Amino acid sequence: MGRTRILQNKAYLYVTEFFAGMSVMAVELGASRLLAPYFSSSQIVWTIIIGTIMIAMALGNIYGGRAADKNPNPDRLYQRMLVAAVWIAMIPVVGKYIILGISALLIFSVNSNFLIWAAFAACMVIFVFPLFLLGTVTPCLVKYTVDSLEDNGKTVGMLNASNTIGSILGTFLPTFVTIPAVGTSVTFLIFAGILLLLSVIYFLNAKVFGRGMLAGICLYLACCLLGRSASFAFWETGLTYEGESVYNYLQVKETDRSVILSTNVLFGVQSILKKDNSLTGMYYDYALAAPFMAGVYEKDAMDVLVLGMGTGTFASQCMRYFPNVKAEGVEIDEKITALARDYFALAPDVAVADYDGRAYLQASDHKYDVIMVDAYQDITIPFQMSSVEFFTLVKNHLKRDGVMVVNMNMRGTKEGNINQYLADTISHVFDKVYTIDVPGSTNRELFASASPDTIIEVMQDNLALTPDAALFDLVSEVAQGLVPYQPGCYVMTDDRAPVELLGMQVIDELIREEAAYYRRIYEKEGIQGLLKRL
(Lines give C-alpha, C1' and ligand atoms only; values in the text may rest on other atoms or scores of the structure.)
Protein backbone atom coordinates (compact mmCIF):
# COMPACT_ATOMS: atom_id res chain seq x y z
CA MET A 1 0.00 0.00 0.00
CA GLY A 2 2.79 2.44 0.93
CA ARG A 3 4.66 1.62 -2.26
CA THR A 4 1.54 2.25 -4.33
CA ARG A 5 0.91 5.57 -2.58
CA ILE A 6 4.42 6.83 -3.43
CA LEU A 7 4.05 5.81 -7.07
CA GLN A 8 0.63 7.42 -7.39
CA ASN A 9 1.77 10.68 -5.81
CA LYS A 10 4.87 10.92 -8.06
CA ALA A 11 6.17 13.86 -6.02
CA TYR A 12 8.55 11.55 -4.20
CA LEU A 13 9.86 10.26 -7.52
CA TYR A 14 10.61 13.81 -8.66
CA VAL A 15 12.35 14.42 -5.34
CA THR A 16 14.39 11.26 -5.93
CA GLU A 17 15.41 12.48 -9.38
CA PHE A 18 16.32 15.90 -7.97
CA PHE A 19 18.63 14.55 -5.26
CA ALA A 20 20.11 11.87 -7.52
CA GLY A 21 21.18 14.59 -9.98
CA MET A 22 22.53 16.68 -7.13
CA SER A 23 24.52 13.78 -5.73
CA VAL A 24 26.10 12.87 -9.07
CA MET A 25 27.52 16.37 -9.49
CA ALA A 26 28.60 16.54 -5.85
CA VAL A 27 30.47 13.25 -6.20
CA GLU A 28 32.10 14.50 -9.42
CA LEU A 29 33.37 17.64 -7.68
CA GLY A 30 34.38 15.62 -4.65
CA ALA A 31 36.32 13.31 -6.96
CA SER A 32 38.35 16.25 -8.26
CA ARG A 33 39.25 17.29 -4.70
CA LEU A 34 40.09 13.73 -3.63
CA LEU A 35 42.44 13.26 -6.60
CA ALA A 36 43.94 16.76 -6.73
CA PRO A 37 46.47 16.44 -3.87
CA TYR A 38 47.91 13.33 -5.57
CA PHE A 39 47.46 13.96 -9.31
CA SER A 40 46.72 17.74 -9.53
CA SER A 41 43.48 19.37 -10.68
CA SER A 42 44.68 20.06 -14.22
CA GLN A 43 42.49 19.91 -17.30
CA ILE A 44 43.85 16.41 -17.93
CA VAL A 45 42.66 15.11 -14.57
CA TRP A 46 39.30 16.83 -15.01
CA THR A 47 38.99 15.16 -18.43
CA ILE A 48 39.62 11.77 -16.82
CA ILE A 49 37.04 12.43 -14.10
CA ILE A 50 34.35 13.66 -16.48
CA GLY A 51 35.01 10.90 -19.01
CA THR A 52 34.93 8.18 -16.36
CA ILE A 53 31.71 9.48 -14.85
CA MET A 54 30.05 9.72 -18.26
CA ILE A 55 30.99 6.11 -18.95
CA ALA A 56 29.47 5.06 -15.63
CA MET A 57 26.28 7.06 -16.19
CA ALA A 58 25.83 5.75 -19.75
CA LEU A 59 26.17 2.15 -18.62
CA GLY A 60 23.80 2.87 -15.74
CA ASN A 61 21.21 4.35 -18.11
CA ILE A 62 21.35 1.25 -20.32
CA TYR A 63 21.13 -1.20 -17.45
CA GLY A 64 18.45 0.80 -15.62
CA GLY A 65 16.20 0.93 -18.65
CA ARG A 66 16.45 -2.80 -19.25
CA ALA A 67 15.99 -3.60 -15.57
CA ALA A 68 12.89 -1.40 -15.33
CA ASP A 69 11.29 -3.07 -18.36
CA LYS A 70 12.10 -6.53 -17.08
CA ASN A 71 11.01 -5.99 -13.47
CA PRO A 72 9.30 -2.62 -12.83
CA ASN A 73 9.62 -2.84 -9.06
CA PRO A 74 10.84 0.39 -7.39
CA ASP A 75 12.20 -1.66 -4.49
CA ARG A 76 15.17 -2.60 -6.67
CA LEU A 77 15.90 1.02 -7.59
CA TYR A 78 15.96 2.16 -3.98
CA GLN A 79 18.09 -0.84 -3.05
CA ARG A 80 20.63 0.30 -5.64
CA MET A 81 20.49 3.82 -4.23
CA LEU A 82 21.12 2.39 -0.76
CA VAL A 83 24.20 0.56 -2.03
CA ALA A 84 25.40 3.69 -3.85
CA ALA A 85 24.98 5.73 -0.66
CA VAL A 86 27.07 3.31 1.38
CA TRP A 87 29.76 3.12 -1.33
CA ILE A 88 30.03 6.94 -1.51
CA ALA A 89 30.18 7.12 2.29
CA MET A 90 33.10 4.68 2.23
CA ILE A 91 35.15 6.87 -0.13
CA PRO A 92 36.47 9.13 2.68
CA VAL A 93 37.44 6.02 4.65
CA VAL A 94 39.26 4.00 2.00
CA GLY A 95 39.65 6.29 -1.03
CA LYS A 96 43.08 7.68 -0.08
CA TYR A 97 44.44 4.17 0.53
CA ILE A 98 43.10 2.96 -2.81
CA ILE A 99 44.77 5.87 -4.62
CA LEU A 100 48.13 5.17 -3.02
CA GLY A 101 47.77 1.41 -3.56
CA ILE A 102 47.01 1.86 -7.25
CA SER A 103 49.88 4.33 -7.59
CA ALA A 104 52.27 1.90 -5.91
CA LEU A 105 51.27 -0.89 -8.28
CA LEU A 106 51.41 1.20 -11.44
CA ILE A 107 54.74 2.83 -10.67
CA PHE A 108 56.35 -0.60 -11.15
CA SER A 109 54.40 -1.52 -14.26
CA VAL A 110 53.81 1.69 -16.25
CA ASN A 111 56.71 3.25 -18.14
CA SER A 112 55.00 6.42 -19.40
CA ASN A 113 52.05 8.68 -18.63
CA PHE A 114 52.03 7.44 -15.05
CA LEU A 115 49.83 10.22 -13.65
CA ILE A 116 47.25 9.76 -16.40
CA TRP A 117 47.02 6.00 -15.92
CA ALA A 118 47.02 6.24 -12.13
CA ALA A 119 44.30 8.90 -12.09
CA PHE A 120 42.20 6.91 -14.57
CA ALA A 121 42.57 3.67 -12.61
CA ALA A 122 41.72 5.40 -9.33
CA CYS A 123 38.59 6.93 -10.90
CA MET A 124 37.50 3.58 -12.30
CA VAL A 125 37.90 1.74 -9.01
CA ILE A 126 36.48 4.39 -6.69
CA PHE A 127 33.74 6.15 -8.64
CA VAL A 128 32.43 4.04 -11.52
CA PHE A 129 30.30 1.62 -9.47
CA PRO A 130 28.28 4.09 -7.35
CA LEU A 131 27.73 6.38 -10.34
CA PHE A 132 26.71 3.42 -12.46
CA LEU A 133 24.03 2.71 -9.82
CA LEU A 134 22.90 6.34 -9.82
CA GLY A 135 22.78 6.20 -13.61
CA THR A 136 19.91 3.70 -13.32
CA VAL A 137 17.69 6.24 -11.55
CA THR A 138 16.36 8.24 -14.51
CA PRO A 139 15.24 5.35 -16.80
CA CYS A 140 13.62 3.58 -13.85
CA LEU A 141 11.74 6.71 -12.76
CA VAL A 142 10.53 7.23 -16.31
CA LYS A 143 9.06 3.76 -16.18
CA TYR A 144 7.32 4.44 -12.87
CA THR A 145 5.99 7.91 -13.73
CA VAL A 146 4.74 7.56 -17.31
CA ASP A 147 1.11 6.44 -17.23
CA SER A 148 0.10 7.03 -20.85
CA LEU A 149 1.39 8.31 -24.16
CA GLU A 150 -0.75 11.43 -23.78
CA ASP A 151 1.35 12.99 -21.02
CA ASN A 152 4.67 11.15 -21.34
CA GLY A 153 6.45 14.21 -22.80
CA LYS A 154 5.37 16.36 -19.88
CA THR A 155 6.34 13.71 -17.33
CA VAL A 156 9.77 13.02 -18.82
CA GLY A 157 10.35 16.77 -19.08
CA MET A 158 9.57 17.22 -15.39
CA LEU A 159 11.94 14.41 -14.48
CA ASN A 160 14.74 15.91 -16.57
CA ALA A 161 14.07 19.34 -15.12
CA SER A 162 14.24 17.90 -11.58
CA ASN A 163 17.52 16.19 -12.41
CA THR A 164 18.98 19.31 -14.01
CA ILE A 165 18.00 21.63 -11.15
CA GLY A 166 19.45 19.15 -8.69
CA SER A 167 22.65 18.98 -10.75
CA ILE A 168 22.94 22.76 -10.70
CA LEU A 169 22.72 22.85 -6.92
CA GLY A 170 25.05 19.86 -6.72
CA THR A 171 27.60 21.89 -8.68
CA PHE A 172 27.50 25.02 -6.54
CA LEU A 173 26.98 23.63 -3.04
CA PRO A 174 30.20 21.55 -2.77
CA THR A 175 32.40 24.23 -4.34
CA PHE A 176 31.15 27.24 -2.43
CA VAL A 177 29.61 25.78 0.72
CA THR A 178 30.43 22.27 1.91
CA ILE A 179 34.06 21.76 0.81
CA PRO A 180 35.31 25.13 2.12
CA ALA A 181 33.22 24.77 5.30
CA VAL A 182 33.65 21.12 6.27
CA GLY A 183 36.03 19.58 3.73
CA THR A 184 35.90 16.92 1.03
CA SER A 185 35.40 13.94 3.33
CA VAL A 186 32.33 15.35 5.06
CA THR A 187 30.97 16.49 1.69
CA PHE A 188 30.94 12.87 0.52
CA LEU A 189 29.20 11.87 3.75
CA ILE A 190 26.56 14.60 3.42
CA PHE A 191 25.46 13.58 -0.06
CA ALA A 192 25.72 9.89 0.74
CA GLY A 193 23.42 10.61 3.68
CA ILE A 194 20.87 12.26 1.39
CA LEU A 195 20.76 9.18 -0.85
CA LEU A 196 20.51 6.91 2.17
CA LEU A 197 17.66 8.97 3.61
CA LEU A 198 15.73 8.77 0.32
CA SER A 199 16.02 4.99 0.37
CA VAL A 200 15.11 4.65 4.04
CA ILE A 201 12.02 6.87 3.68
CA TYR A 202 10.87 4.82 0.71
CA PHE A 203 11.26 1.49 2.48
CA LEU A 204 9.62 2.74 5.66
CA ASN A 205 6.71 4.08 3.61
CA ALA A 206 6.48 0.80 1.74
CA LYS A 207 6.70 -1.05 5.07
CA VAL A 208 9.65 -3.09 3.90
CA PHE A 209 12.02 -3.58 6.82
CA GLY A 210 14.97 -5.65 5.66
CA ARG A 211 18.34 -6.55 7.06
CA GLY A 212 19.89 -4.82 4.05
CA MET A 213 18.47 -1.47 5.09
CA LEU A 214 19.67 -1.92 8.67
CA ALA A 215 23.13 -2.97 7.46
CA GLY A 216 23.30 0.05 5.18
CA ILE A 217 22.44 2.43 8.01
CA CYS A 218 25.04 0.83 10.29
CA LEU A 219 27.74 1.00 7.62
CA TYR A 220 26.94 4.64 6.92
CA LEU A 221 27.16 5.53 10.60
CA ALA A 222 30.49 3.70 10.83
CA CYS A 223 31.79 5.68 7.85
CA CYS A 224 30.68 8.90 9.53
CA LEU A 225 32.83 7.98 12.53
CA LEU A 226 35.84 6.78 10.55
CA GLY A 227 35.77 9.03 7.50
CA ARG A 228 35.64 12.53 8.97
CA SER A 229 39.40 13.05 8.89
CA ALA A 230 40.52 15.86 6.61
CA SER A 231 44.02 14.37 6.36
CA PHE A 232 45.26 13.47 2.90
CA ALA A 233 48.84 12.87 4.06
CA PHE A 234 47.61 10.37 6.64
CA TRP A 235 51.07 8.88 7.15
CA GLU A 236 52.49 12.20 8.37
CA THR A 237 52.35 13.40 11.94
CA GLY A 238 52.93 16.77 13.50
CA LEU A 239 51.69 18.93 10.63
CA THR A 240 51.21 22.51 11.72
CA TYR A 241 48.16 22.88 9.48
CA GLU A 242 46.26 20.74 6.99
CA GLY A 243 43.11 21.87 5.24
CA GLU A 244 41.35 22.82 2.03
CA SER A 245 40.31 25.97 0.25
CA VAL A 246 38.18 26.58 -2.81
CA TYR A 247 41.32 26.17 -4.94
CA ASN A 248 43.82 23.98 -3.10
CA TYR A 249 44.75 21.32 -0.64
CA LEU A 250 46.97 23.12 1.88
CA GLN A 251 49.65 21.75 4.16
CA VAL A 252 51.98 23.67 6.49
CA LYS A 253 55.00 21.88 7.94
CA GLU A 254 57.31 23.29 10.55
CA THR A 255 60.88 22.30 11.42
CA ASP A 256 63.46 23.82 13.73
CA ARG A 257 64.75 25.97 10.87
CA SER A 258 61.82 26.66 8.57
CA VAL A 259 58.09 26.73 7.87
CA ILE A 260 56.96 25.22 4.54
CA LEU A 261 53.74 25.45 2.54
CA SER A 262 52.81 22.67 0.12
CA THR A 263 49.70 22.33 -2.03
CA ASN A 264 50.04 18.63 -2.77
CA VAL A 265 50.64 15.57 -0.66
CA LEU A 266 53.62 13.84 -2.19
CA PHE A 267 56.09 16.52 -3.24
CA GLY A 268 56.67 20.22 -3.79
CA VAL A 269 57.42 23.34 -1.80
CA GLN A 270 55.28 26.35 -2.72
CA SER A 271 56.61 28.76 -0.09
CA ILE A 272 59.17 28.72 2.71
CA LEU A 273 60.06 30.87 5.68
CA LYS A 274 63.54 30.59 7.19
CA LYS A 275 63.24 31.29 10.89
CA ASP A 276 66.68 32.89 11.03
CA ASN A 277 65.86 35.16 8.07
CA SER A 278 68.68 33.59 6.03
CA LEU A 279 68.61 32.77 2.34
CA THR A 280 66.39 29.81 1.49
CA GLY A 281 68.80 27.90 -0.75
CA MET A 282 66.01 27.68 -3.33
CA TYR A 283 64.88 29.51 -6.45
CA TYR A 284 63.61 32.49 -4.45
CA ASP A 285 67.25 33.40 -3.79
CA TYR A 286 68.16 33.31 -7.48
CA ALA A 287 65.19 35.54 -8.24
CA LEU A 288 66.78 38.21 -6.02
CA ALA A 289 69.05 39.02 -8.97
CA ALA A 290 66.06 40.78 -10.58
CA PRO A 291 66.13 43.86 -8.29
CA PHE A 292 69.86 44.20 -9.01
CA MET A 293 69.13 44.08 -12.74
CA ALA A 294 66.55 46.84 -12.27
CA GLY A 295 69.08 49.06 -10.41
CA VAL A 296 67.80 48.69 -6.87
CA TYR A 297 70.61 50.73 -5.28
CA GLU A 298 70.29 53.52 -7.83
CA LYS A 299 66.67 54.30 -6.96
CA ASP A 300 65.01 55.97 -4.03
CA ALA A 301 62.10 53.55 -4.28
CA MET A 302 61.43 50.31 -6.13
CA ASP A 303 58.04 48.70 -6.77
CA VAL A 304 57.92 44.91 -6.87
CA LEU A 305 54.88 42.85 -7.87
CA VAL A 306 54.61 39.09 -7.33
CA LEU A 307 52.06 37.19 -9.43
CA GLY A 308 51.51 33.99 -7.51
CA MET A 309 52.34 35.44 -4.12
CA GLY A 310 51.98 32.24 -2.11
CA THR A 311 52.96 33.08 1.44
CA GLY A 312 55.25 35.88 0.28
CA THR A 313 58.74 34.35 0.35
CA PHE A 314 60.11 36.50 -2.49
CA ALA A 315 58.32 39.67 -1.40
CA SER A 316 59.56 39.31 2.18
CA GLN A 317 63.12 38.70 1.00
CA CYS A 318 63.05 41.80 -1.22
CA MET A 319 61.87 43.97 1.66
CA ARG A 320 64.43 42.45 4.02
CA TYR A 321 67.45 43.00 1.78
CA PHE A 322 66.35 46.22 0.08
CA PRO A 323 64.84 48.85 2.41
CA ASN A 324 63.67 50.96 -0.53
CA VAL A 325 61.46 48.18 -1.92
CA LYS A 326 57.69 48.27 -1.71
CA ALA A 327 56.30 44.83 -2.47
CA GLU A 328 52.78 43.74 -3.27
CA GLY A 329 51.32 40.50 -4.51
CA VAL A 330 48.46 38.78 -6.27
CA GLU A 331 47.29 35.42 -4.90
CA ILE A 332 44.04 33.91 -6.10
CA ASP A 333 43.67 31.72 -3.00
CA GLU A 334 42.75 33.96 -0.08
CA LYS A 335 43.25 31.09 2.36
CA ILE A 336 46.94 30.96 1.40
CA THR A 337 47.16 34.67 2.16
CA ALA A 338 45.61 34.00 5.57
CA LEU A 339 48.21 31.29 6.21
CA ALA A 340 50.90 33.76 5.15
CA ARG A 341 49.80 36.15 7.88
CA ASP A 342 49.40 33.42 10.52
CA TYR A 343 52.45 31.22 9.93
CA PHE A 344 54.88 32.93 7.54
CA ALA A 345 55.30 36.36 9.10
CA LEU A 346 54.05 38.23 6.03
CA ALA A 347 54.12 41.90 7.03
CA PRO A 348 50.70 43.52 7.53
CA ASP A 349 51.61 46.39 5.22
CA VAL A 350 52.25 44.08 2.24
CA ALA A 351 49.14 44.36 0.09
CA VAL A 352 47.86 41.12 -1.42
CA ALA A 353 45.01 41.05 -3.94
CA ASP A 354 42.90 37.87 -3.93
CA TYR A 355 42.67 37.78 -7.70
CA ASP A 356 43.84 36.03 -10.84
CA GLY A 357 47.21 37.47 -11.89
CA ARG A 358 46.27 38.25 -15.46
CA ALA A 359 42.92 39.76 -14.52
CA TYR A 360 44.72 41.93 -11.97
CA LEU A 361 47.09 43.34 -14.59
CA GLN A 362 44.20 44.04 -16.93
CA ALA A 363 42.48 46.05 -14.21
CA SER A 364 45.59 48.00 -13.17
CA ASP A 365 47.63 50.70 -14.90
CA HIS A 366 50.47 50.77 -12.34
CA LYS A 367 54.01 50.11 -13.57
CA TYR A 368 56.64 48.18 -11.63
CA ASP A 369 60.42 47.87 -11.49
CA VAL A 370 60.27 44.10 -10.99
CA ILE A 371 57.46 41.65 -11.71
CA MET A 372 57.92 38.07 -10.60
CA VAL A 373 55.72 35.45 -12.29
CA ASP A 374 55.42 32.43 -10.04
CA ALA A 375 51.84 31.29 -10.58
CA TYR A 376 51.10 27.60 -10.52
CA GLN A 377 47.90 25.59 -10.38
CA ASP A 378 49.03 22.55 -8.40
CA ILE A 379 51.87 21.28 -10.60
CA THR A 380 50.94 23.02 -13.84
CA ILE A 381 51.01 26.61 -15.05
CA PRO A 382 47.67 28.34 -15.66
CA PHE A 383 47.39 28.50 -19.44
CA GLN A 384 46.21 32.12 -19.36
CA MET A 385 49.53 33.07 -17.74
CA SER A 386 51.78 31.34 -20.25
CA SER A 387 50.91 33.01 -23.57
CA VAL A 388 52.29 35.80 -25.74
CA GLU A 389 49.30 37.90 -24.80
CA PHE A 390 49.99 37.50 -21.09
CA PHE A 391 53.70 38.30 -21.27
CA THR A 392 52.90 41.32 -23.43
CA LEU A 393 50.62 42.48 -20.62
CA VAL A 394 53.44 42.00 -18.12
CA LYS A 395 55.83 43.97 -20.33
CA ASN A 396 53.35 46.84 -20.51
CA HIS A 397 53.30 46.99 -16.70
CA LEU A 398 57.08 47.29 -16.39
CA LYS A 399 58.89 50.58 -16.16
CA ARG A 400 61.36 51.52 -18.88
CA ASP A 401 64.21 49.66 -17.10
CA GLY A 402 61.95 47.05 -15.47
CA VAL A 403 62.75 43.34 -15.24
CA MET A 404 60.49 40.29 -15.25
CA VAL A 405 61.64 37.13 -13.48
CA VAL A 406 59.80 33.86 -14.14
CA ASN A 407 60.12 30.71 -12.07
CA MET A 408 59.97 27.64 -14.27
CA ASN A 409 59.69 24.72 -11.87
CA MET A 410 59.89 21.78 -14.30
CA ARG A 411 63.17 21.49 -16.14
CA GLY A 412 62.48 19.11 -19.02
CA THR A 413 65.14 17.40 -21.11
CA LYS A 414 63.24 16.50 -24.26
CA GLU A 415 63.03 18.74 -27.29
CA GLY A 416 59.90 20.89 -27.12
CA ASN A 417 59.55 20.68 -23.34
CA ILE A 418 57.51 23.16 -21.33
CA ASN A 419 60.49 25.35 -20.46
CA GLN A 420 61.36 25.73 -24.14
CA TYR A 421 57.81 26.74 -24.87
CA LEU A 422 57.83 29.32 -22.08
CA ALA A 423 61.24 30.75 -22.94
CA ASP A 424 60.46 30.93 -26.66
CA THR A 425 57.14 32.62 -25.91
CA ILE A 426 58.80 35.17 -23.65
CA SER A 427 61.54 35.79 -26.24
CA HIS A 428 58.79 36.62 -28.69
CA VAL A 429 57.87 39.56 -26.41
CA PHE A 430 61.10 40.65 -24.69
CA ASP A 431 64.38 41.66 -26.36
CA LYS A 432 66.72 40.35 -23.65
CA VAL A 433 66.16 36.95 -22.06
CA TYR A 434 68.56 35.08 -19.76
CA THR A 435 68.16 31.77 -17.95
CA ILE A 436 69.95 29.92 -15.17
CA ASP A 437 69.33 26.52 -13.60
CA VAL A 438 68.95 26.37 -9.83
CA PRO A 439 71.30 23.69 -8.44
CA GLY A 440 69.76 20.80 -6.56
CA SER A 441 66.27 21.36 -7.95
CA THR A 442 64.18 21.13 -11.10
CA ASN A 443 63.78 24.92 -11.18
CA ARG A 444 65.06 27.28 -13.84
CA GLU A 445 64.91 31.05 -13.45
CA LEU A 446 64.30 33.26 -16.45
CA PHE A 447 65.04 37.01 -16.47
CA ALA A 448 63.65 39.24 -19.22
CA SER A 449 63.86 42.94 -20.00
CA ALA A 450 62.96 45.29 -22.82
CA SER A 451 65.38 47.93 -21.52
CA PRO A 452 67.91 49.39 -23.96
CA ASP A 453 70.49 49.12 -21.17
CA THR A 454 72.45 45.95 -20.56
CA ILE A 455 70.86 44.44 -17.47
CA ILE A 456 73.97 42.35 -16.75
CA GLU A 457 76.05 45.50 -16.40
CA VAL A 458 73.38 47.15 -14.25
CA MET A 459 73.30 44.06 -12.03
CA GLN A 460 77.08 44.04 -11.61
CA ASP A 461 77.18 47.78 -10.82
CA ASN A 462 74.51 47.38 -8.13
CA LEU A 463 76.03 44.18 -6.82
CA ALA A 464 79.11 46.12 -5.79
CA LEU A 465 76.90 48.23 -3.53
CA THR A 466 75.26 45.49 -1.50
CA PRO A 467 76.29 45.35 2.18
CA ASP A 468 75.24 41.72 2.67
CA ALA A 469 78.04 39.22 2.05
CA ALA A 470 75.80 36.17 1.60
CA LEU A 471 73.63 38.01 -0.89
CA PHE A 472 76.72 39.28 -2.71
CA ASP A 473 78.07 35.74 -3.09
CA LEU A 474 74.75 34.38 -4.28
CA VAL A 475 74.05 37.05 -6.89
CA SER A 476 77.66 36.86 -8.08
CA GLU A 477 77.03 33.17 -8.70
CA VAL A 478 73.88 34.02 -10.64
CA ALA A 479 75.76 36.62 -12.70
CA GLN A 480 78.37 34.05 -13.67
CA GLY A 481 75.80 31.39 -14.53
CA LEU A 482 73.37 33.44 -16.62
CA VAL A 483 73.04 32.23 -20.20
CA PRO A 484 71.55 34.39 -22.99
CA TYR A 485 68.58 32.48 -24.32
CA GLN A 486 68.53 31.61 -27.99
CA PRO A 487 64.85 31.55 -28.99
CA GLY A 488 63.27 28.80 -31.03
CA CYS A 489 59.88 28.31 -32.62
CA TYR A 490 57.79 27.05 -29.67
CA VAL A 491 55.34 29.87 -29.02
CA MET A 492 52.16 29.69 -26.93
CA THR A 493 49.15 31.91 -27.46
CA ASP A 494 45.76 32.26 -25.78
CA ASP A 495 44.38 30.05 -28.52
CA ARG A 496 47.01 27.34 -28.14
CA ALA A 497 48.83 26.81 -24.85
CA PRO A 498 49.07 23.05 -24.09
CA VAL A 499 50.65 23.58 -20.66
CA GLU A 500 48.93 20.59 -19.02
CA LEU A 501 50.28 18.10 -21.54
CA LEU A 502 53.74 19.68 -21.51
CA GLY A 503 53.82 19.75 -17.72
CA MET A 504 52.70 16.13 -17.50
CA GLN A 505 55.54 15.11 -19.83
CA VAL A 506 58.14 16.60 -17.51
CA ILE A 507 56.52 15.15 -14.39
CA ASP A 508 56.43 11.80 -16.16
CA GLU A 509 60.19 12.04 -16.72
CA LEU A 510 60.78 12.81 -13.04
CA ILE A 511 58.57 9.95 -11.87
CA ARG A 512 60.21 7.54 -14.31
CA GLU A 513 63.65 8.44 -12.97
CA GLU A 514 62.54 7.93 -9.36
CA ALA A 515 60.69 4.72 -10.19
CA ALA A 516 63.77 3.26 -11.89
CA TYR A 517 65.67 3.57 -8.61
CA TYR A 518 63.03 1.70 -6.63
CA ARG A 519 62.56 -0.88 -9.38
CA ARG A 520 66.24 -1.79 -9.15
CA ILE A 521 65.90 -2.22 -5.38
CA TYR A 522 62.84 -4.42 -5.84
CA GLU A 523 64.58 -6.60 -8.47
CA LYS A 524 67.65 -7.12 -6.25
CA GLU A 525 66.18 -7.23 -2.74
CA GLY A 526 62.49 -7.95 -3.22
CA ILE A 527 59.61 -6.40 -1.29
CA GLN A 528 61.48 -6.49 2.03
CA GLY A 529 64.33 -4.42 0.66
CA LEU A 530 61.89 -1.98 -0.87
CA LEU A 531 60.03 -1.53 2.40
CA LYS A 532 63.30 -0.87 4.21
CA ARG A 533 64.24 1.91 1.77
CA LEU A 534 60.78 3.47 2.00
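**Pockets, cavities and a helix pair in a predicted model**

User: Which element gives the most to the lining of the second largest pocket?

Analyst: Helix α3 does, with 5 residues; a helix here is a DSSP run of H or I with at least four residues, a strand a run of E with at least two, both numbered from the N terminus. The model is predicted, with pLDDT of at least 70 needed for local features and 80 or more for side-chain atom pairs, whereas totals for chains, interfaces and linings use all residues. Residues are numbered from 1 along each chain as its sequence is written, and side-chain values use heavy atoms, without hydrogens and water.

User: What makes Tyr63 and Cys140 lining residues of this pocket?

Analyst: A lining residue has an atom within 4 Å of a point on a 1 Å grid over the protein atoms alone; a pocket is an open set of such points with protein on both sides within 12 Å along at least five of seven lines. Tyr63 and Cys140 are in the lining, together with Arg66, Ala67, Ala68, Lys70, Asn71, Asn73, Arg76, Gln79, Arg80 and Tyr144. Two or more residues each come from α3 (43-70), α4 (74-106) and α6. The pocket holds about 190 Å³, a volume being the space filled by probe spheres set on points joined across faces, edges and corners.

User: How is this lining divided by class?

Analyst: It has 5 nonpolar, 3 polar and 4 charged residues. Ala, Val, Leu, Ile, Met, Phe, Trp, Tyr, Cys and Pro count as nonpolar, Asp, Glu, Lys and Arg as charged, and the others, Gly among them, as polar.

User: Why is a space called a cavity, and how many are there of 30 Å³ or more?

Analyst: In a cavity a 1.4 Å probe fits but cannot get out; the count is 6 of 30 Å³ or more. The largest cavity has a volume of about 100 Å³. Its lining comprises 13 residues, with Ile272, Leu273, Lys274, Thr313 and Arg320 nearest its centre. At least two residues come from each of β4 (271-274) and α12 (313-321), and α12 has the largest share, 4 residues. By class, the lining of the largest cavity has 3 nonpolar, 8 polar and 2 charged residues.

User: Why are α2 and α6 called roughly antiparallel?

Analyst: The axes of α2 (residues 11-39) and α6 (residues 137-145) come within 10 Å and cross at roughly 170 degrees. Axes are lines fitted to C-alpha atoms over the stretch in contact, with angles from 0 to 180 degrees between N-to-C directions. Over 145 degrees counts as roughly antiparallel, and α2 and α6 therefore qualify.

User: Which residues make the contact of α2 with α6?

Analyst: Leu13, Thr16, Glu17 and Ala20 in α2 meet Val137, Thr138, Leu141, Tyr144 and Thr145 in α6, contact meaning heavy atoms within 4.5 Å. This contact has 5 nonpolar, 3 polar and 1 charged residues.

How values were computed. Angles under 35 degrees count as roughly parallel, over 145 as roughly antiparallel, 65 to 115 as roughly perpendicular and the rest as oblique.
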